Amino acid sequence: MSEAHWHDAGPADAVPDGEVVGCQLAGRQIALARLGSECFAFDAWCTHGQAALTDGFVEADGSIECPLHQGRFDIRSGKALCEPLEQHLQTFALKIEDGRVWVRLG
Ligand code: FES
C-alpha cells in the first residue's frame, strides 16, 4: 500500500494512556486508544448499533466497552469479545513518527 494512504491523526501525546479519542480522517470517524506505550486505531462506530466507541471505556485487559449495550472489542485486533456483538471491529495500521500519530486507511 502506498505512503499516500497514511493520514496524520495529530500529536501522539493527545492520546492519553488508557483512554480513547476520536478524529476525522478522510471523512471517516476513527478512534485512537493507547495501551501503555502503544497506540491503536479502529473504527469509531460500534458494529452492533449507532454508538460511538469514542464514548466507550478502555478496560485494563486491553478491550474497549461500548457505552450502549456494553459489548467489548479487543483494541489490538478488533475482535468482538462478547454478546451482543456479532461482527468484529475494523482496525487500522498505526505508526508514530516525530511525535505524531499516522493511520493508514484504504
Ligand atoms: S451499540 Fe455497541 S453493543 Fe450495542
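Helices (H or I, at least four residues) and strands (E, at least two) are DSSP runs, numbered from the N terminus. This is a predicted model, in which local features need pLDDT of at least 70, side-chain atom pairs count only at pLDDT 80 or more, and totals for chains, interfaces and linings use all residues. Residues are numbered from 1 along each chain as its sequence is written, and side-chain values use heavy atoms, with hydrogens and water left out.

**Stop 1: the whole chain**

Select the chain and colour it by secondary structure. From the N terminus on, its elements read β-β-β-β-β-β-β-β-β-β. The radius of gyration, 13 Å, is close to the 13 Å that the globule rule gives for 106 residues, so the chain is as compact as a globular protein of that length. Here the radius is taken over C-alpha atoms, and the globule rule is 2.2 Å times the number of residues to the power 0.38. In count, there are ten strands and zero helices. Along the principal axes, the C-alpha atoms fill a box of roughly 40 × 25 × 20 Å.

Next, display the surface. The chain exposes about 5800 Å², of which carbon and sulfur atoms supply 45%; such areas come from the Shrake-Rupley method with a 1.4 Å probe, and for residues only the protein chains shown count as cover. Of the 106 residues, 41% count as buried. Buried means under 20% relative accessible area, exposed over 50%, and partly exposed in between (1.4 Å probe, protein chains only).

**Stop 2**

Select strand S10, residues 100-104. Which of its residues belong to the covered face, and which to the uncovered one? Val-101 and Val-103 make up the covered face, whereas Arg-100, Trp-102 and Arg-104 make up the uncovered one.

Two strands pair if DSSP finds at least two bridges between them. Within this pairing, Pro-11 has Arg-100 in S10 as its bridge partner.

Lys-95 stands opposite Trp-102 in S10. S9 and S10 form a hairpin with two residues between them.

Zoom in on Asp-98, in the loop between S9 and S10. Asp-98 is not a glycine, yet its phi is positive, at about 50°. With 82% relative accessibility, Asp-98 counts as exposed.

**Stop 3: the sheet of S5, S6 and S7**

Select strands S5, S6 and S7, three strands that form an open sheet in the order S5-S6-S7 with antiparallel pairing. The edge strands, each pairing on one side only, are S5 (57-58) and S7 (72-74). Two bridges join S5 to strand S6 (residues 63-65). To see one of the contacts between partners, select Val-58, whose bridge partner in S6 is Ile-64.

Continue to Gln-70, in the loop between S6 and S7. The phi of Gln-70 is near 65°, a positive value in a residue other than glycine. Gln-70 is partly exposed, with a relative accessible area of 41%.

Then move to Pro-84, in the loop between S7 and strand S8 (91-92). The peptide bond from Glu-83 to Pro-84 is cis, with omega near 5°.

**Stop 4: two aspartates**

Select Asp-43, which lies in strand S4 (residues 38-43). Is Asp-43 buried or exposed? Asp-43 counts as buried, because its relative accessibility is 18%. Leaving aside neighbours within four places in sequence, Asp-43 is in contact (heavy atoms within 4.5 Å) with Arg-28, Gln-29, Ala-31, Leu-53, Leu-89, Gln-90 and Phe-92.

Finally, select Asp-17, in the loop between S1 and strand S2 (20-25). At 51% relative accessibility, Asp-17 counts as exposed. Which residues does Asp-17 contact, leaving aside its neighbours within four places in sequence? They are Arg-34, Leu-35 and Gly-36. Draw a distance from Asp-17 to Ala-33: these residues are 16 residues apart along the chain, and their C-alpha atoms are separated by 7.6 Å.
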